[in-house]
Amino acid sequence: MVSRDQPVATERTGSSSGRTSWPTARRRLGGWLYRPTPRTPWYEGAVVLLLSAAVALFRLPPGRLDTIWAEDGVVFLRQAEESMGLDPLFRPYSGYLHLLPRLVAEVASWLPLHLAGLVFSISAALVVGTASWSVWVFGRAHLPSPWLRGGLAAAVALLPAGGLEAVDNVANSHWFLIFAAFWALIGRRQSAWGHVLPALIVMLAALSDPLAVVLLPLALGRLVLLPRREWWVAGTYLVAMTVQLIVVLSAERTTGARPAAMEIAFGYALRVVSTSIVGNGGTGRVVGAGGRELVWTVGVVVAAALLVALLFSRPERRPLIVTAAVASVGLFCVESLFALNVAYPPAGALATDLHLSARYTIVPSLLLLSALAVAAQGVAERLSGSWRALVVVTALLPVALMAGFDYRGEPDPRATAPEWSDSVEEAVQECAAGGPEQVVVLPIAPAEPWAVELTCGIVTGG
């Protein structure tokens, strides 16, 4: 069930003191953290991407594919429809750039208006598929076991938080892009063309969310530890991230109240650790059975298990385990301190409401699951027979729980939200009695007051 990689070659220093020289240490760490990525047949990646996208699409309530969610319509589609050319692409919203939803809205504006709902739904699913593809392709060296790598790729599409406000919502797809960019910065594809796709992924992630700055150490690590011919991906990320941060620093942003350190720690244990292991449904039962004390216990047990696995793993697996775990905790802390217009994680009576602002847990949860998957790989490689199989099966249990109990978020407001094509049809009928400058209101998900205001000239194509 687990492939055995050959150990990374190490050099012995000729120093009489026995100390490892910096060039040797740099090559060793670079070879461990940024392992050369074996070639993946293109059809494998295509199957993973399309399967993951399909799984993401079917998380929607039956027959609700034709919906547009909140800012996707009110901000991005409306501005794309009202503007000539590509001017909106680099227009800030809420104090930062949103290149991904801007691009999707631009494509939707080139097509008949009634197709926009399908464009946004399919695009959001394809971003999820791209994140799964990144795990499968760029994670091949770190997760040679197809079971563990496939389980992590499946977790991208099955994550409980991914089935709530982020499903069918391109405005929140940047969370999956950040995770895809994590693996794009980790992978080392050898050909010149092999740098193109990871460079595009990191560029899109950085220009769609300033929180992609959490990946800065990985980009700098590539510059320090890898030869110059492999700087393209890191360089692309740094340029895009610089542009994003210039926009952020020049804009005014309103953040919520800063939570106490213990509230952040509890929020991480509840919303990231527990939901990643037993899902939202299981976490609800944990809270009901033992309250905060049992949540803390789950967090401590998972942390202890990860530490033991880290110590028992092969040395070349350890850098990525630590990197993914630290990035998971670090990003959650940054989100908690700088969440826009809300106090996060929620406190008081809302502290255990797992649906509230669930989007903030997507990347920390996937990074934690990455650390656990690589740790399982490292432990399994030291074992044999049934013990090795037991480690792999145990690592896959959270994914099975996600698929069995948290595939669809309940209740889902999309189940009763208006279909976009119906809203367009009603607007066309309303415009029949008015002129091209008349403004009509097209209702969208989740519910009122969310609606897209467009002129009849745009609605009728006149």
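Trainee: In which loop does Asn169 lie?

Mentor: Asn169 lies in the loop between helix H6 (146-158) and helix H7 (174-186). Helices (H or I, at least four residues) and strands (E, at least two) are DSSP runs, numbered from the N terminus. This is a predicted model, in which local features need pLDDT of at least 70 and side-chain atom pairs count only at pLDDT 80 or more, while totals for chains, interfaces and linings use all residues. Residues are numbered from 1 along each chain as its sequence is written, and side-chain values use heavy atoms, with hydrogens and water left out.

Trainee: Is Asn169 buried or exposed, and with which side chain does Asn169 make a polar contact?

Mentor: Buried means under 20% relative accessible area, exposed over 50%, and partly exposed in between (1.4 Å probe, protein chains only). Asn169 is buried, because its relative accessible area is 0%. A polar contact is a pair of N or O atoms within 3.5 Å; within protein, one must be able to donate a hydrogen and the other to accept it, and residues adjacent in sequence count only if both atoms are side-chain atoms. The side chain of Asn169 makes such a contact with that of Asn172, at 2.7 Å.

Trainee: How many salt bridges does the structure hold?

Mentor: A salt bridge is a side-chain nitrogen of Lys or Arg within 4 Å of a carboxyl oxygen of Asp or Glu. The structure holds nine. One of them joins the side chains of Glu165 and Arg359 (2.9 Å, N to O). Glu165 is in the loop between H6 and H7 and Arg359 in the loop between H12 and H13, so this pair ties together parts that are 194 residues apart in sequence. Glu165 counts as buried at 16% relative accessibility, and Arg359 is buried at 19%.

Trainee: Which residues do salt bridges with shared partners join into one network?

Mentor: Let us begin with one pair. Arg317 and Glu381 meet through their side chains in a salt bridge (2.7 Å, N to O). Arg317 lies in the loop between H11 and H12 and Glu381 in the loop between H13 and helix H14 (385-405), so parts 64 residues apart in sequence are tied together. Salt bridges that share partners join Arg314, Glu316, Arg317 and Glu381 into one network.

Trainee: How many aromatic pairs does a search of the whole structure find?

Mentor: Rings of Phe, Tyr and Trp (its six-membered ring) pair if their centres lie within 6.5 Å; planes under 30 degrees apart count as stacked, over 60 as edge-to-face and the rest as tilted. The search of the whole structure finds nine pairs. The rings of Tyr268 and Phe332 have centres 5.6 Å apart and planes at 70°, so this pair is edge-to-face. Tyr268 belongs to helix H11 (residues 261-312) and Phe332 to helix H12 (residues 318-338), so the pair ties together parts 64 residues apart in sequence. Both Tyr268 and Phe332 are buried. Ring pairs link Trp175, Tyr268, Phe332, Tyr344 and Tyr360 into a cluster.

Trainee: Where does the backbone call for attention?

Mentor: A cis peptide bond joins Ala445 and Pro446, with omega about 5°. Pro446 is found in the loop between strand S1 (439-443) and strand S2 (451-455). Ala70, although not a glycine, has a positive phi of about 45°. Ala70 lies in the loop between helix H2 (42-57) and helix H3 (71-82).
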